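Please consult the sequence and the 3D view while reading.

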Amino acid sequence: MTETSLLDSLKPSYEKTNIRRWIITAVSNVKGNRATIHQIRKYLDSKKTGLANKPETKLIMKKLLDIGRLVKVDGKYALRKSKFARKLASNKAKRRGVKKQRSLFKKAKRPRKKLSKSS
(Lines give C-alpha, C1' and ligand atoms only; values in the text may rest on other atoms or scores of the structure.)
Protein backbone atom coordinates (compact mmCIF):
# COMPACT_ATOMS: atom_id res chain seq x y z
CA MET A 1 0.00 0.00 0.00
CA THR A 2 1.34 3.38 -0.90
CA GLU A 3 1.14 6.51 1.22
CA THR A 4 -1.48 8.17 -0.96
CA SER A 5 -3.88 5.24 -0.76
CA LEU A 6 -3.40 5.12 3.01
CA LEU A 7 -4.24 8.82 3.31
CA ASP A 8 -7.23 8.40 1.02
CA SER A 9 -8.57 5.59 3.20
CA LEU A 10 -8.26 7.74 6.34
CA LYS A 11 -9.83 10.84 4.78
CA PRO A 12 -13.52 9.86 5.16
CA SER A 13 -13.20 9.00 8.85
CA TYR A 14 -11.26 12.21 9.48
CA GLU A 15 -13.97 14.24 7.77
CA LYS A 16 -16.68 12.51 9.82
CA THR A 17 -14.90 13.32 13.07
CA ASN A 18 -14.64 16.94 11.99
CA ILE A 19 -18.35 17.08 11.17
CA ARG A 20 -19.19 15.45 14.50
CA ARG A 21 -17.01 17.96 16.35
CA TRP A 22 -18.48 20.91 14.43
CA ILE A 23 -22.05 19.82 15.21
CA ILE A 24 -21.28 19.63 18.93
CA THR A 25 -19.56 23.02 18.92
CA ALA A 26 -22.46 24.52 16.96
CA VAL A 27 -24.88 23.42 19.68
CA SER A 28 -22.61 24.56 22.52
CA ASN A 29 -21.98 28.01 21.00
CA VAL A 30 -25.67 28.91 20.87
CA LYS A 31 -27.11 30.87 23.78
CA GLY A 32 -28.88 28.46 26.10
CA ASN A 33 -27.09 25.47 24.53
CA ARG A 34 -30.10 24.61 22.36
CA ALA A 35 -29.70 24.93 18.59
CA THR A 36 -32.17 24.44 15.77
CA ILE A 37 -31.28 22.43 12.70
CA HIS A 38 -30.99 25.69 10.74
CA GLN A 39 -28.39 27.08 13.15
CA ILE A 40 -26.37 23.87 12.93
CA ARG A 41 -26.51 23.87 9.12
CA LYS A 42 -25.45 27.51 9.00
CA TYR A 43 -22.45 26.74 11.23
CA LEU A 44 -21.46 23.75 9.08
CA ASP A 45 -21.69 25.83 5.91
CA SER A 46 -19.45 28.46 7.45
CA LYS A 47 -16.81 25.78 8.03
CA LYS A 48 -17.06 24.17 4.60
CA THR A 49 -19.36 25.11 1.73
CA GLY A 50 -22.07 22.56 0.91
CA LEU A 51 -21.36 20.40 3.94
CA ALA A 52 -24.83 20.71 5.46
CA ASN A 53 -26.50 19.24 2.37
CA LYS A 54 -24.49 16.02 2.36
CA PRO A 55 -26.30 12.84 3.44
CA GLU A 56 -23.39 12.02 5.79
CA THR A 57 -24.34 14.94 7.99
CA LYS A 58 -27.84 13.64 8.54
CA LEU A 59 -26.46 10.22 9.41
CA ILE A 60 -23.98 11.73 11.87
CA MET A 61 -26.76 13.80 13.50
CA LYS A 62 -28.92 10.68 13.82
CA LYS A 63 -26.01 8.73 15.30
CA LEU A 64 -25.32 11.49 17.84
CA LEU A 65 -28.99 11.34 18.86
CA ASP A 66 -28.95 7.54 19.14
CA ILE A 67 -25.75 7.52 21.18
CA GLY A 68 -27.16 10.12 23.53
CA ARG A 69 -24.60 12.86 22.95
CA LEU A 70 -27.39 15.10 21.63
CA VAL A 71 -30.97 15.28 22.85
CA LYS A 72 -33.93 16.73 21.00
CA VAL A 73 -35.94 19.11 23.18
CA ASP A 74 -38.93 20.97 21.69
CA GLY A 75 -37.54 20.74 18.16
CA LYS A 76 -34.10 21.94 19.20
CA TYR A 77 -30.91 19.98 19.74
CA ALA A 78 -29.22 20.17 23.14
CA LEU A 79 -26.11 18.57 24.59
CA ARG A 80 -26.54 15.86 27.17
CA LYS A 81 -23.94 16.17 29.86
CA SER A 82 -22.35 13.10 31.33
CA LYS A 83 -22.44 12.34 35.06
CA PHE A 84 -18.78 13.31 35.29
CA ALA A 85 -19.45 16.73 33.74
CA ARG A 86 -22.33 17.40 36.15
CA LYS A 87 -20.20 16.36 39.11
CA LEU A 88 -17.35 18.58 37.94
CA ALA A 89 -19.69 21.56 37.57
CA SER A 90 -21.11 21.08 41.06
CA ASN A 91 -17.60 20.87 42.53
CA LYS A 92 -16.63 24.12 40.82
CA ALA A 93 -19.70 25.81 42.26
CA LYS A 94 -18.80 24.61 45.74
CA ARG A 95 -15.24 25.90 45.40
CA ARG A 96 -16.43 29.31 44.30
CA GLY A 97 -18.71 29.54 47.30
CA VAL A 98 -21.89 30.16 45.39
CA LYS A 99 -24.47 31.61 47.71
CA LYS A 100 -28.20 31.39 47.42
CA GLN A 101 -29.83 34.45 45.97
CA ARG A 102 -31.70 36.53 48.46
CA SER A 103 -35.16 37.66 47.65
CA LEU A 104 -35.51 41.19 46.37
CA PHE A 105 -38.21 42.04 48.85
CA LYS A 106 -37.76 41.85 52.56
CA LYS A 107 -40.26 39.80 54.44
CA ALA A 108 -42.87 41.85 56.23
CA LYS A 109 -42.54 41.76 59.97
CA ARG A 110 -45.51 40.48 61.88
CA PRO A 111 -46.80 42.64 64.65
CA ARG A 112 -45.92 41.11 67.99
CA LYS A 113 -48.57 40.33 70.52
CA LYS A 114 -48.44 42.61 73.50
CA LEU A 115 -48.24 40.85 76.75
CA SER A 116 -50.65 42.23 79.29
CA LYS A 117 -49.34 42.78 82.76
CA SER A 118 -51.35 41.04 85.34
CA SER A 119 -51.00 42.75 88.70
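## Thr57 in helix α3

The side chain of Thr57 reaches the backbone oxygen of Lys54 at 2.7 Å. Thr57 belongs to helix α3; helices (H or I, at least four residues) and strands (E, at least two) are DSSP runs, numbered from the N terminus. The model is predicted: local features need pLDDT of at least 70, side-chain atom pairs count only at pLDDT 80 or more, and totals for chains, interfaces and linings use all residues. Residues are numbered from 1 along each chain as its sequence is written, and side-chain values use heavy atoms, with hydrogens and water left out.

With a relative accessible area of 4%, Thr57 is buried (buried means under 20% relative accessible area, exposed over 50%, partly exposed in between, with a 1.4 Å probe and protein chains only). Apart from neighbours within four places in sequence, Thr57 is in contact with Ile19, Leu44, Leu51 and Ala52, where contact means heavy atoms within 4.5 Å.

## The sheet

Strands of a sheet pair through backbone hydrogen bonds, either parallel or antiparallel. Here, three strands in the order β1-β3-β2 form an open sheet with antiparallel pairing; two strands pair if DSSP finds at least two bridges between them. β1 (34–35) and β2 stand at the edges with a single partner strand each, so one side of each is left without a neighbour in the sheet.

β1 and β3 pair over two bridges, and Arg34 stands opposite Ala78 in β3.

## The loop at Asp74

Asp74 lies in the loop between β2 (70–73) and β3 (76–79). Asp74 counts as exposed, because its relative accessibility is 73%.

Definitions and conventions. Polar contact = N/O pair within 3.5 Å; in protein donor to acceptor, adjacent residues only side chain to side chain.
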